[in-house]
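The following paragraphs go through one protein chain, starting from a single residue and its contacts. Please keep the sequence and the model in view while reading.

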Amino acid sequence: MKFEALRTADFGKIGTAYHEWSDLVKKFDDYAEYAQDVLVGRARKARWKGVNAGVTKPFIAQTQREFNDLLTEARSIRDVFEDTKRDLKRCQDDLKDAIKAAEDEHFTVEPWGDGGFHVKKGYGPTLNDDGEYYTAKELKAVERHKKAIKKVLHEAEVLDRQTAKALRAWIKQTKVGGAGGRYTDRDTLVERYEAGVEAAEIGAKGREMTPKDFDKLDSHLKKYGKDKVFAEAFATKMTPDGVKAMWADLRYIGPDDGYSVVDKRGDGIVGLQKHLSTTLATATQSDSAAMQKWERAVVRDGMENIDLPGGRTGPSGFQVMSSLMGNGDFEDSFLKRYGEGLTTAERNAEKSGRTTSDLWRAQGQGFNLNPSGADLGSDPMTGFMKALSHSPDASTDFMNDPFESGDQGAKGENSNFHHLFKDRDWFEADGKPGRNALGDAVEAGTTGHPPGQAPTSIVHDSGQAKLMSNVVKTVAEHPTRLTEHLEMADSLGRAAREYMPDIFRGLEGSPSPTTERLYPIAGEVANFGDDGASERNLSRFLISVGQDPTGYKEIVVGQQNYADTLYRYHLDPEIQAQLPESERFEGTPGNAEDAEDRAEDVVKRITRQTGYVNGALTIGRQETLINEGLEHDAEFGTGMKRVSTWGYAGGSTATGVALAVGKVHPVANAVITGVSGGVLFIGPSEFGMDNQPNEGAQQAKITSEYWSAAKDHDRNYNVNVQSEIPGAQKYDPDEWDTWVREGSRQGFNEAVGAGRQMATELTSGDQVKNLRPEDDG
């Protein structure tokens, strides 16, 4: 900081900037309020369908978020200007005080040279042009005053430099819209930037870092990993090569690895992996030129082996980077480029006759890149799938993109999803970690949210619906693609849970206007097959997912929640009053003379679907029972209470996200709990049989009783729900019971038919063949 510039500075311009940004804050505040109250408010009340529901409505919500981001950024910049003006003014006052202190001792402080100054006597004879006679005491005083003034100038220089760097780093993170992040004062912004630089300096030490270095690095990454200024400063200062070299160096487990900080910190390396991944993910959210260059380098050098200290050769860039992608939300466009680079590498290897194992296994030898998992991180696709699971939109796009550009195959089944699910060799740790990560990525891509999270909406766009359609068709085509790899079934069960409207429609067979009104869907509808193939594909899919305890539970509870919702939607007079006549289900033509006929039609058709779904799942559960024994069957009951209380959006109104209609005002007390009608049945574990029923007679007995228990549960649930549905109590309970039994019987009978068609593909095929459709009456 130049002496004269600080001494004579006029901070009026900063003050003007502060006031201008204050005015801007007020304007953005008004815009954000308008966007929330008017745009979003009207969008929620509008009658959205098709593309408008899946695209336009989310776009309006995104616009509202952008206004909020701009408001946040404007507030932060205003506050930074205020803090900077205050601190620089304090430095100016300190400088004037230092000058006055010198003048009080009869010294003069004057500008000197280019921004400098000198302190000299203010009186007395001059010896020559360079100065005056000074006593030893006076020389000491001169140095004391110089030191005091230099200290103030240095403080102002650091303040000005740090603020400029941090502010530029923050603002450059986005080309359009708000940068995001709220900084209430300048010191916080500077602190995050400086912490990022310090973390990068520590990381550059690799295995040479001390335990103290390791702890500080992990502490910074953990504390600031979601801060964009910190994350970008860390990533760009480290460089892509630096990040990869650091992690590979820390994760070397070869014979000459020596004793390093990793050994001294033990399991702390797991936390470091998590926090490093989160930080890099945050950094990719920046649009700055520096980060765009960083991201391009990561993809460009993905197949290059990493150079490590001591002349060692590390794994490939893709392997190291993928092992650092298990946490955080990586930016979608980066994931797209990364996925294209990774699949290109594998496609080229495939064309040259090499498998993914040939391509990656040797390069990963001597390294444990994934201390937090069951695999060593040699397969980079696993880590990439984890990243996609946290970025649903990117997962949807990637899964639907063609694996081979320009070639969709004879059936149009050459997407990345088809390749990964059907053809790819998931070689590491028997493929389970990779396929499990694939299942999570597919769940995110079909639902629009990370795996395991409760949905805020089950409105699906065209990409999500297309992916779910491909999932069902691909499993149905060859069920062993899933049943031999059931580590994916929990994810597919959760995905199916959010497609219950589509599944209920699909099980009806050919679409019709009455079907569309009975199972209303906003957004895009998943097409599970044409010309009658939909029902077949869905039944085979349900039987396959039903062989996994978690997949089974998710769908059982999902169809119960959805059935509960449908009863309310069609029978609650308050809800019906809000629907226009064109959207009300009036019953099957020729079978709805009055309200009671309509109610009968509603109940029979809903229970036909619950019976079908439960029947198909039960056949799947029986398959596991015959293969694994009753001891394994207990897993189907474990955790059911937790799953059954997880309603759509955690207890949402029946007219809101559960139906994905979004066009009816909420009705008081119409809440989905998922526990109506009593607890879910446990199954034949209660029957006191051997844990391993090997005898044919015992297997037949167990499956028969199992089947009966499933039917009883489905009927009891649908009978008991009558007492909870407004508008349903007016119908005679005995008639309601009859409707339920007829609909459920039909559904279970159709599930038996579907199971028999799959009998040759099931270990329990003989038992399925012995199941008899229930007669009328």
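Lys146 touches Phe117 and Val119, leaving aside residues up to four places away in sequence; contact here means heavy atoms within 4.5 Å. Lys146 sits in helix H4, residues 136–171, where helices (H or I, at least four residues) and strands (E, at least two) are DSSP runs numbered from the N terminus. With a relative accessibility of 24%, Lys146 counts as partly exposed, a class lying between buried (under 20% relative accessible area) and exposed (over 50%), computed with a 1.4 Å probe and protein chains only. The C-alpha atoms of Lys146 and Ile99 are separated by 9.5 Å, while the two residues are 47 residues apart along the chain.

The model is predicted: local features need pLDDT of at least 70 and side-chain atom pairs count only at pLDDT 80 or more, while totals for chains, interfaces and linings use all residues. Residues are numbered from 1 along each chain as its sequence is written, and side-chain values use heavy atoms, with hydrogens and water left out.

The chain as a whole has 32 helices and 6 strands. Of its 777 residues, 54% are buried. Among contacts between residues at least 6 apart in sequence, 74% join residues at least 24 apart. The chain exposes about 33,600 Å², of which carbon and sulfur atoms supply 48%; accessible areas come from the Shrake-Rupley method with a 1.4 Å probe, and for residues only the protein chains shown count as cover.

Most residues other than glycine have a negative phi. His106, however, has a positive phi near 70°, and its place is in the loop between helix H3 (50–104) and strand E1 (107–112). Thr239 also has a positive phi, near 70°. Thr239 lies in the loop between helix H7 (228–238) and helix H8 (240–250), and its relative accessible area of 35% makes it partly exposed.

On the surface, Asp594, Glu596, Asp732, Asp734 and Glu735 gather in a patch of negative charge. A patch is made of residues with over 30% relative accessible area and no salt bridge, like charges being joined within 9 Å and nonpolar side chains (Val, Leu, Ile, Met, Phe, Trp, Tyr) within 5 Å. A salt bridge is a side-chain nitrogen of Lys or Arg within 4 Å of a carboxyl oxygen of Asp or Glu. Asp734, one of the patch residues, is found in helix H31, residues 733–757. Asp734 counts as exposed because its relative accessibility is 59%.

Technical notes
Lys and Arg count as positive and Asp and Glu as negative; His and the chain ends are not counted. The place of a charge is taken as NZ of Lys, CZ of Arg, CG of Asp or CD of Glu.
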